[in-house]
Each structure stands twice: as C-alpha cells, then as structure tokens.
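Thanks for coming. I will go through one structure today, a few places at a time. Please have a look at the model first.

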Amino acid sequence: MTLTTAATPETPDIEVDVLVVGGGGCGLVAAIAADAAGASVAVLEKQSRLAGNTALSSGSIPGAGTRLQAAAGVTDGPDVFRNDLMRVSGPHDADHLTERLAGLSAELVEWLIDEAHVGLTLVAGYKHVGHSVTRLHAPPSRTGAELMADLEAEAERRGIPVAPGQPVVELTVADGRVTGAIARDPDGRESRIGAKAVILAANGFGGARDLVAELCPGAQAATYAGATGSTGEALRWGRALGARTGNLGAYQGHAGLAARSGVLVTWTVVERGGFVVDASGQRIGDETLGYSAFAGVELAATGPLFMVYDARIEADVAAGQPEFAEIARMGDAVAGATAGELAQAIGVPGDALTATIDAAAAAAAGQADAFGRTAWGLGALQAPYRATRITPALFHTQGGLAVDRDARVIGADGAPIPGLYAGGGAATGISGRDGGNGYVSGNGLLSALGLGLIAGRSAVADAAVPDGEPNLKVQQGVTT
C-alpha cells in the first residue's frame, strides 16, 4: 500500500467535503449524516454492488431507551445496555466506545427511522444473546438486505453519488493530513478525489487470510462466511500511517452455519430448546453461551457437528424467520421419528443420542445440566426430531483502527490523524479481546451504523463547512 505524501499534491480531479470509502451500512449512514449536515459527499465502493456484511446480517440494531421499546412496555436505558455489553466483553481496548455507542443507540435507531427512512420494528418474543431486555430493532423481513435497500434508497433520494466498482488504491496525504484518495475504475483508469475528510468504512479483515493468521489466529480454522470485500485495506492503510489499533483478536463467529448449503441455522433454534452434538452423539458445552462464543467451543470439538431440535421448533422458527425455512426446503433438516432413527440418519451412535436427548429433557424439567445450561425455551424436545449438520464460521472481525469518541483515527502519538475517520469493521469494535467470546447480538451493526453516524457528523464539524457554502456535488460518479 503506497501513500502519496507529496508536500504539494497533484490537483484533484474531483473535490468533495467528505469522501466515504466503503458502501456498506457504515458508509451509507456516514454519507447520509454528512449530507444532512450540509456537506458534499461521495461514496466509493470497490465491489460491483453494495454487498457488505450489513447486507448479510439479520439487520438487527440494538437501541436502549427507544420509543418503540416504550410503546412495548420495555424499560431500558444506556447504563443498562452498557452493563450488558461490559458483562459479556470484559474490559478491552475501546471501553470509551462501549459507553459512547450505548448512549447513542436509542438516537441511532430513531434517526434511522426518522431521517434515513429505514423501516424498523422492535424484535419481540426473546431478548437475544447478551441482552437483559428486548432491545433489538430490525426490518420487518429480519434481513440486512432490506436495511441496505432502505439506506440505498435514502442516499439516492438525497442525490449522494455512490460509485460501485471503484476501489480505492491509495490514500493521499499532505503535511500529515489525509487529503483524499485515488480510485481505480473497472477499466484501470485512476481518479484523484480531494476531500476535507476521509471516512474509512471498508469493513474488517475476515476475508484476508494473512491478516487473520497474524492478528486473529483463533478464527483461522473457522469457515469464512462474511462479505468477500472484507480484505483489510482500511487496516493496512491505517497501519502505514502509524495508526494505533485495538481488539484485533476479537471476531464475530457463528456456531450454526449449515455445512451443506451455507444457510444460517439461526441461534433462535437454541433459544427454543435445541442443542449441539458431536460425532459421538453427545453435547459439547452450554449452547446458551451464544452463537459467537459457542463457535469457539465447536472449533475445539470433534466433528461432524449437528444441531438437534424438533418439528415444533422448526415450524416456530421458520414462521418468524423465513431464511430458516430454507433449511428444510434445501434438505438440510434431517428427520427422525425417534431418537434412534435420527441417530441412524446422521450417523451417530443411537444409544448415545437417545441418552443425550433424555438428559436434556431432564435438565429442561429442572434437573442440573452437566454444562450448567438453565434456559431451555419450549422445554424438552419432542418427537419427531430434526438435525442439521453445522460448522463454525467466522462472519467478521471485531478489531481495527483505534478511534476516539468522535470516530477520529488515533495515531501513534495518541492524537487524531487529521482528516481521517473510521467506523464499522475498519475501527476497533466493542466485543472485547477474547476471540468470539465477547460478542453480543447486534454489536456489529451498532459499531457500523453508530460509528457511521458519529463519523459523518464529526467529519463535517471538524472540516468546519460554513453554512450556505455551495456543495461540490459529484453528478456523474467519481471518474473523469
């Protein structure tokens, strides 16, 4: 990664107030926030379409103290949320961001609804991993694709130029300040974009195997199931500039990726009473640790691994989460009228699986569980049974460039690098330092969208764009 550091940089082909690198959830929120503050904005996306980790998610955003919670009779607030986050993550390199994002979370959800025109509803019925109250807000379809579609529509409505297929190949720097970037179009032509502020929203490094091996070795053996564009450019650029980093060993894993189809076996199956067995037909731990933390348990186990549930859970979860219905449609839900039949169908010892199902039923009835699990959802499994072969996955990394409360990237001397901001996977996350163990449901989108909102506002404020100054709108993309 080469950084242009000429004292008198070449004249830009295009100039904007705020340049956003990355067109996922973080980037679009940052762009919308900057536009709303009166700045001219452009978004560069290296992929041919906007398909980052936000699009692959369930679209669930935690908000503590929202009007949607109040309407549902849920009592919540930033302090409760922060305590939940810290209880799971423990102290880490970005405690200040935990406090900042917890405090911003309700405003974020309501800003998305009111200003970005994103359709969100409170996810009722269960609390999700790590939350003491119901506080996740998601699109009606419970998909990140719908969330992204709403953000894209808002960017288009505002006339914000979003240029896919335009990877940034260099950041430009003059006198220690980041002054823009150089982008390359599909035909290899390069454009120099000047900016008063650059926001790195290019996601993490889960798709860069060299960086995972170096910085997040605990996730090396996991199947990568995140966005293909998460290859660590923002981290590499920041390191080249001497930026500090934090929580680089943290990641969001998922213990329920269907091995055959790659469809996600949502952890709601566990919350309803499902459990995981290994090749011996026995459980391997307390599944209610959460889908991210349990991925680490699975990585240490002997495969193949199976999620075991029943027809009631299958129907219940499929009704609320249409994506899960694909598990059955694609043949990933193996059926067994009895425990013995299920064992034969998946190739594990029948006596062992029968004993495991009986022991889980006893635990659901109140007896002590060997792994300490106490929550069993709908109770003991009932015939007919179901099983899906699963594998542990890495969805996205949770460490990155160190940023302050205003999303400004911090340099080696502890001061902000002028003109440079970061959010989402490009920035240090709030999921602790210990692999996948500190992840709370929604942490990824909270960091992506929350830091996007903060970065968009901060970039405009720091650039001191005067009221009434003509915006330098880019009308035809970012190439010349």
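Is Phe294 buried or exposed? Phe294 has a relative accessibility of 0%, so it counts as buried. Here buried means under 20% relative accessible area, exposed over 50%, and partly exposed in between, with a 1.4 Å probe and protein chains only.

Some ground rules. This is a predicted model, in which local features need pLDDT of at least 70 and side-chain atom pairs count only at pLDDT 80 or more, while totals for chains, interfaces and linings use all residues. Residues are numbered from 1 along each chain as its sequence is written, and side-chain values use heavy atoms, with hydrogens and water left out.

Back to the aromatic rings. A pair of aromatic rings is described by the distance of the centres and the angle of the planes. Rings of Phe, Tyr and Trp (its six-membered ring) pair if their centres lie within 6.5 Å; planes under 30 degrees apart are stacked, over 60 edge-to-face, and the rest tilted. Searching the whole structure gives three aromatic pairs. One of them is Trp267 with Phe294: the centres are 5.9 Å apart and the planes are at 45°, so this pair is tilted. The two residues are 27 residues apart and link distant parts of the chain. Trp267 is in the loop between strand S12 (251-258) and helix H9 (268-271), and Phe294 is in helix H10 (residues 291-299). Helices (H or I, at least four residues) and strands (E, at least two) are DSSP runs, numbered from the N terminus. Trp267 is also buried, because its relative accessibility is 4%.

Next, strand S12. Eight of its eight residues are buried. S12 pairs with strand S16 (residues 385-397) in the antiparallel sense, over six bridges; two strands pair if DSSP finds at least two bridges between them. Within this part, Gln252 stands opposite His396 in S16.

Now helix H15 (residues 443-463). At 1.5 Å a residue, its 21 residues should span 30 Å, and the end C-alpha atoms are 29 Å apart, which agrees. The expected span is 1.5 Å times one less than the number of residues. Of those 21 residues, 18 are buried, so H15 is largely enclosed by the rest of the structure.

Last, Ser431. Where does Ser431 lie? Ser431 is in the loop between strand S19 (416-422) and H15. Its relative accessible area is 0%, so Ser431 is buried. Among the residues Ser431 touches are Ser89, Ala250 and Tyr439, where contact means heavy atoms within 4.5 Å.

Technical notes:
Lists of a residue's contacts leave out its neighbours within four places in sequence.
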